[in-house]
Amino acid sequence: MDFVLMQLSGFGGAFMDLVLDPLTYAYLIISVFLGITFGALPGLTATLAVTILTGFFGNKIPLDYSLIALLGAYVGAIYGGSYPSILLNIPGTAASAATAMDGYPLAKAGRGGEALGLTTTASFIGTLIGTIALLVFVWLLLLLSQNIASPEKALLALFGILLSGTLMSEDLVIKGWISGLIGLAMAMVGLDPLLSEPRYTFGWSYMLSGFQVVPVLMGAFAVPQIIEGMRHMEMGKVVQLKGRILPNLKSVRRYLPTITRSGVIGTGVGALPGVGEDVAGWVSYGVGKTVSKEGNKFGKGSLEGLLSSETANNACIGGALIPLLVLGIPGSPPAAALMGAFKINNIIPGPTIDPAIILRVVAIMVLASLTMFIMGLFTARIFIKILAIPQVVFLPIVMVLTTIGSFSVGGGINDLYLMLGVGFVAYFMNLMKYPIAPLVIGVILGGLFDETFRRSLLISGGDLAVFASRPIAAILLALNLALIAAQVPVVKRAFGRLRGRKV
Amino acid sequence: MDSKQDDQTATLRARDFWGALVLIGLSLFFLWRTMDIPLWGGNRAGVSAAAWYNSAAIVPLGIFAGLLVLSIVLLVISVRSGGARAALSAVGIGWNGDEAWRFVTLAIILFFYVAGLVPRVDFILCSGLLITALTYGYHRGHRSRMSIAAAAVALCGAYALLRHLPQAQWAAHDDDWLTLLIWLALSGVALTHSRRDRFLKILPVISVLAPLLLVCAMAFGFRQNVPNRGGLLFKQIEYHYFVTIRPIWRT
């Protein structure tokens, strides 16, 4: 009980600090608006919104305010993806892909207003569920993570890369791992963290400081999207919005069990390292279809189906921040961009993070979701107008934003070359169905992995048993090995045979 | 539906064949480069370096060895699925002429913008040209428009790059004037097509306002470095900001 009261009082203090600062509202309104706009425009994603704002706000304003801008955009963009899904049948973001299955049939049936209103409410409640989980679990995990030393950190970083590679691969799992290894390899460039030995610098002084996070983020997430999006697309006709958007309390109460269940699922999926909002949306949609009484109506215009995915993708945000803040491992691709912002502000998320930052993040999340809720209900018609803008008008401006954002972070023109190089590589990787998120996570966690892996060996005098001699390390090692073994054909076949025998 | 899926898988496996070969080559190259980093306790300036387990080479060795193994596995998967056989066929390449042209023109535009224009030409001018070229060139998907857009950016970029290659010459303004001229000409061409494309009507406004606002916000709002501060337009803006406008509230 004391723990809960202490948490609540800490959160109350951080919340009041935010509420009483007039600048909070300026950053919040602009960033949530930008976020919803990015989410609403097909071709622009939540990851892109956070990435671009990282370049723009990351180190230009105090971290307190840049966190408002980045989290506001993150919350807004995930929600904004529902607009084109419902009204155009085109998911604005990958996270809203499941939303289109039921949202569009509802809008065509003249229930677009009701669908948007309930989606907005569900996204708001979902974000709050994720945020509450963040407030509670982040502290419990922080207590546990006090026992985490170098071997566990190295294994956790590896686990994050392997897991995101496994779960984010659309084609072969091996491609996700290759992507993660390429990211790790990129992190090896520059002076090594223990002995300051130059690695792969090819005599170029710029490379001594290694690859900077922001240009890599911009290159990996923005440039491929610009290249892919610069094509003629016939804009579908926006379904006319009928009915009032403001939901009535009765229907909210009716769907509250679905919203709560999806919120919990979204938070849980988000807490897995490297797994994004799209996976959360689909998992929750799948569970909803199985357990719901109207499961047979899913895909044909079911409000439960719509709320299952929309609640989960917003709840995923809070979940994704748990591993980021506790372990320094991003829970989703936008969280990876957020980690970039922490990094350029010299803040190392993990067991040593300042608890005040966590409380501020939670307070910002609550305010951002409230702003999103109000904007969604009362300014929805503005965002619907935005849907008519083709991406070939918007993406060139994104390219200019990306360029100036990358340039101003510090490395100048060289950072732009890096951004473009990474961008073209990432475009071809996308083309060959290599997931990009593991690459970015590899770049971000590579330094940590290198340092903690070697420090563990240094402490043990080169004895590899150090990675199995402590309980948490042994568990993590087993998880890593299981993750790899699960993809080996012989093991797969053996498990298949075992399962067959049981049946 | 199934045959479409099969075609996609066949294309992917053929591309995987090339991808695996490139990855094997890169892994081997970087494994060779890693040998330059002392692994077995080298001697630096009379000081004995670390043991193998603390060497700066140990983690990269693991990474590139892992990459090599995974690339070989990918190659095997690709060959077994017929990727090697389809690698040089149309299925293997998987791009049609239009898509290839779209990518090539985009690559030209982005390369000359980043490598040629941004360091040497006023940011507002070169970004205005970029926005005009991209929107005009790709809005309708016409090959001819893509070619005109790419040629416009390539002309300015190549001129700036070749004429003012060393950093000492980046402040020159002849490339700024050329970019301005080409930008105006391209905007004129875009406007002639604006009767059918209503977005092209507002294109000149967007292409001026977007970079202008961005560069001013970054330079004067966030007080950050922006590309080419001595550019034709930005130099004037900066001068008038500090000499004419700022004193209004400073005094």
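**Briefing: a predicted model of chains A and B**

Buried residues make up 37% of the 251 residues in chain B. In chain A, 60% of the 503 residues count as buried. The model described here is predicted. In it, 53 residues of chain B are in contact with 45 residues of chain A.

**Overall form of chain B**

- Chain B contains ten helices and two strands, and along the sequence these follow the pattern α-β-β-α-α-α-α-α-α-α-α-α.
- The radius of gyration of chain B is 26 Å, well over the 18 Å that the globule rule gives for 251 residues, so chain B is more spread out than a compact globule.
- When contacts in chain B between residues at least 6 apart in sequence are considered, 71% join residues at least 24 apart.

**Overall form of chain A**

- The secondary structure of chain A consists of 20 helices and two strands.
- Chain A has a radius of gyration of 22 Å, close to the 23 Å that the globule rule gives for 503 residues, so chain A is as compact as a globular protein of that length.
- The C-alpha trace of chain A spans about 70 × 60 × 50 Å along its principal axes.
- Of the contacts in chain A between residues at least 6 apart in sequence, 79% join residues at least 24 apart.

**Where the two chains meet**

- On the side of chain B that touches chain A, at least two residues come from each of α1 (2-34), α2 (58-80), α5 (97-120), α6 (123-138) and α9 (198-221) of chain B.
- The most is given by α2(B), with eleven residues.
- By residue type, this side of chain B divides into 39 nonpolar, nine polar and five charged residues.

- A56(B) lies in the loop between β2 (47-48) and α2 of chain B.
- There are 24 other C-beta atoms within 10 Å of A56(B); a residue is buried at 20 or more, so A56(B) is buried.
- Leaving aside residues up to four places away in sequence, A56(B) touches D192(A), L195(A), E197(A) and R199(A), together with I37(B).
- A56(B) and L39(B) are 17 residues apart in sequence, and their C-alpha atoms are 7.4 Å apart in space.

**Helix α18 of chain A**

- Helix α18 (residues 437-460) of chain A has 24 residues, which should span 34 Å at 1.5 Å a residue; its end C-alpha atoms are 33 Å apart, which agrees.
- A kink of about 50° in α18(A) is centred on L445(A).
- Because 18 of its 24 residues are buried, α18(A) is largely enclosed by the rest of the structure.
- Just after α18(A) comes G461(A), with a positive phi of about 65°.

- Most residues other than glycine have a negative phi.
- F202(A), which is not a glycine, has a positive phi near 50°.
- F202(A) lies in the loop between β2 (198-199) and α9 (213-229) of chain A, and with 8 C-beta neighbours inside 10 Å it counts as exposed.
- K433(A) is also not a glycine, yet its phi is positive, at about 65°.
- K433(A) is found in the loop between α17 (413-431) and α18 of chain A, and its 17 C-beta neighbours inside 10 Å make it count as partly exposed.

How values were computed
Residues are numbered from 1 along each chain as its sequence is written. Chains are lettered from A and ligands numbered from 1 in the order in which they are written. This is a predicted model: local features need pLDDT of at least 70, side-chain atom pairs count only at pLDDT 80 or more; totals for chains, interfaces and linings use all residues. Two residues are in contact if their C-beta atoms, placed from the backbone, lie within 7 Å. Helices (H or I, at least four residues) and strands (E, at least two) are DSSP runs, numbered from the N terminus. Ala, Val, Leu, Ile, Met, Phe, Trp, Tyr, Cys and Pro count as nonpolar, Asp, Glu, Lys and Arg as charged, and the others, Gly among them, as polar. The radius of gyration is taken over C-alpha atoms; the globule rule is 2.2 Å times the number of residues to the power 0.38. A residue is buried if 20 or more other C-beta atoms lie within 10 Å of its own, exposed if 12 or fewer, and partly exposed in between; C-beta atoms are placed from the backbone. The expected span of a helix is 1.5 Å times one less than its number of residues. The bend at a residue is the angle between axes fitted to the seven residues ending there and the seven starting there.
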